[in-house]
Amino acid sequence: MTAPDLGLTDLIAAHRLKQSYWNWWGCTGCDWRTKGTYGSEPTIETATEHAKHVVEQHTSGRHEWPKTTPTGFTYERPTTYAELEHMSGHMVQSEIEGWGVAERPPEPVWELVGIAQQEVERQRQRAEKAEATAAELEAELEKYRAEERRQLEWARHLARDDVRCPSCNLRYGERDQYGCVEPARAHEYDADELRAALEGEQQ
């Protein structure tokens, strides 16, 4: 079973018929056009004729791989941008040095389309993966931030509880358990010192 030609499938999908003139149907992706009736929809025959035109253009531009030159050098079908770039260098060199047609690398027109599609898909997948990874890292970082905030708040409450009564030196956190120097006397804690402890201003 022959694998589907994704380059051709996408190419046909990129071509759209439209009425370009009063009685002409044209294509948005090539120079093909045919006569039609103004205000009508394209017929099956019109669409088929156009599809055949696209297929013929596609097929005539393809190359058989690998290509072996008379001197024994073999060109393999490029499957990555790096390989395509390397072959493009050979093409430029062949033009500059005037190589014979048989020695020149085939011009990978449709191969370029396929590689571009693969690269776009690869970049899309990489972007999606990077976005997902970034979201996971951000969620994990938020956990650390929440724990840091909890620990900071707890440390400030401990600092406030450690503020001392100037009369009896009792900690603020124990004020409800013990009285001051005199039973009827309330503890006295400095309000600014308590505030500074809660706001993290104490050293």
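User: Why is Cys180 called buried?

Analyst: In this predicted model, Cys180 has a relative accessible area of 10%. Buried means under 20%, so Cys180 is called buried.

User: How many disulfides does a search of the whole structure find?

Analyst: The search finds 0 disulfides. Cys165 is accordingly in no disulfide, and its nearest cysteine sulfur, that of Cys168, is 3.8 Å away. A disulfide is a covalent bond between the sulfur atoms of two cysteines.

User: Is Cys165 buried or exposed?

Analyst: Cys165 has a relative accessible area of 2%. The cut-off for buried is under 20%, so Cys165 is buried.

User: What makes His187 a buried residue?

Analyst: The relative accessible area of His187 is 18%. Because buried means under 20%, His187 is placed in that class. His187 lies in the loop between α4 (109-161) and α5 (191-198). Leaving aside residues up to four places away in sequence, His187 touches Cys165, Cys168, Leu170, Arg175, Tyr178, Gly179 and Cys180.

User: Which backbone oxygen does the side chain of His187 reach?

Analyst: The side chain of His187 reaches the backbone oxygen of Tyr178, at 2.7 Å.

User: How do you know that Glu138 forms a salt bridge with Arg145?

Analyst: The closest N and O atoms of Glu138 and Arg145 are 3.0 Å apart. A salt bridge needs such atoms within 4 Å, so the pair qualifies. Side chains of opposite charge can pair when their charged atoms come close.

User: Why is Glu138 called partly exposed?

Analyst: Glu138 has a relative accessible area of 40%. Buried is under 20% and exposed is over 50%, so Glu138 falls in between.

User: Which residues meet Arg171 in salt bridges?

Analyst: The side chain of Arg171 meets that of Asp162 at 3.2 Å, N to O, and that of Glu174 at 3.4 Å, N to O. Salt bridges that share partners also join Glu138, Glu142, Arg145 and Arg149 into one network. The count of salt bridges comes to 12.

User: What makes Arg171 partly exposed?

Analyst: Arg171 has a relative accessible area of 22%. Buried means under 20% and exposed over 50%, so Arg171 counts as partly exposed.

Notes
Residues numbered from 1 in each chain as written. Predicted model: local features only at pLDDT ≥ 70, side-chain atom pairs only at ≥ 80, totals over all residues. Heavy atoms only, no water. Helix = DSSP H or I, 4+ residues; strand = E, 2+ residues; numbered from the N terminus. Buried < 20%, exposed > 50% of the residue type's maximum accessible area, 1.4 Å probe, protein only. Polar contact = N/O pair within 3.5 Å; in protein donor to acceptor, adjacent residues only side chain to side chain. Contact = heavy atoms within 4.5 Å. Disulfide = S-S within 2.5 Å.
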